[in-house]
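A short briefing follows, grouped by topic.

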Amino acid sequence: MAMTHAREVFCRLLYTVIMVVASVSPTIAIAQSMTLTQAITNTLEHNPQLHQFEIKKNHILGQRKMSSLSPGLNLDFEVENIGGSGRYSDVGSAETTLSLSSVIELGDKRNARTAVRDSELDLVEYQKRAYTLDALGQLNAVFIKTLEIQQLITLAGEARDLAKKTLMIVKRRSGKGAAPDSDIKRSNALLAKSQLILDALTQQHERSLVRLASFWGGETPPATEVEGELYDFGSTSEYSDLYQRALASPAIAVLASEDRLKAAEIQLAQTQGKPDLDWSVGIRRFEDSGESALVAGVSIPLFSGKRSNGDLKSALADRDEVALRRKDALNQLNTRLFDAYSLRIQQVNEVKVYRNTVIPELTSALKATQRAYETGRYSYQDWIAAQKELIEAKQSLIESAAAALLNQTVIEQLVAKPFAQ
């Protein structure tokens, strides 16, 4: 039941979306076998793509800090009536002004800016969760595929051993004159083909292990095989319950967060239509009389509302686009989830039929066919056909079981929770 425990851990990780830890060990020890739990841990700790969201978050935090600042103060120094002609040709007629100036923001612009940054932080968080779900879903699929190849290797070994046994029996019968030499040649060819299939699957298994290691940046596989149960599917949940869970998944939450971000951007665009007040206050000195006076000024931009209409219109269009994408995503979610749900039911049923009916019947038929061949009642072709039927049925059993688990992985990824509670 190792696969069951591993899948439960995987599902909990999908639900809580455990983030990448800060400290990363430099190497991963090579083991004889690897569980799904170990593969998930390695991926969360070593996958470089999972660190990108922390960089984005720090970038937005810096922008938020800047957005929360009040308008700065300016120190202005101005000299007038100098370097001209006549009485203005020297500094005696100069007028010097020293003043402070700044901007009074109207329309709560600062809070609107920080609201945009806060929405961006929320969006990055949901994007991180969705990306982690996707990465772990792909990891689980490769893990299941590797487990399937291991089962096929075992089956290929059985087929090769059966081919060896067949050759031995054919040679014995040929020595007695009960079988033609052509049957020996066919048996030799069958044995060679069986070995080729076994060798090809072995190479495919090595490639799959390398692909598995790529999830945590490994150049070589950290194990020689994966460990898990291919035929444990758990119980069945109702589709309506699964769909309700999917509506709260990070993938949909990303779009909801985008909608909130666009709403914040609309609010910010609306505040831009309210003009800011530029103010200044200072002191002016008249060099020709030696007297001083206070100066003050206020500047109000005209027609700023019209200038911000374009930004507001663009923000409204972006919000409408997000709404359409969310509607389309929900439609695709329903289709994809139901496909995976329906196929899983079909494939689990196929596994039951193969294990309980097809393979036992074909195993019994092969034994009877072999006995009939050895007594001369059946031909070599009849015996080989019975072998092929059994091998193909066992292969279909493995493929159906792996397909059921793969579809279950899709469901767990979409709902971000365990499929079977």
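Rings of Phe, Tyr and Trp (its six-membered ring) are taken to pair if their centres lie within 6.5 Å, with planes under 30 degrees apart counted as stacked, over 60 as edge-to-face and the rest as tilted. This is a predicted model, in which local features need pLDDT of at least 70 and side-chain atom pairs count only at pLDDT 80 or more, while totals for chains, interfaces and linings use all residues. Residues are numbered from 1 along each chain as its sequence is written, and side-chain values use heavy atoms, with hydrogens and water left out.

**Aromatic pairs**
- The count comes to six aromatic pairs.
- In one of them, Y239 and Y341 have ring centres 5.5 Å apart and planes at 55°, so the pair is tilted.
- This pair links distant parts of the chain, since Y239 is in helix α6 (residues 239-247) and Y341, 102 residues apart from it, is in helix α9 (residues 309-374); helices here are DSSP runs of H or I with at least four residues, and strands are runs of E with at least two, numbered from the N terminus.
- Y239, Y243, F338 and Y341 form one aromatic cluster.

**Charges over rings**
- R173 lies over the face of Y373, at 4.8 Å from the ring centre, where the rule asks for NZ of Lys or CZ of Arg within 6 Å of the ring centre and within 35 degrees of the ring normal.
- R355 lies over the face of Y231, at 4.6 Å from the ring centre.
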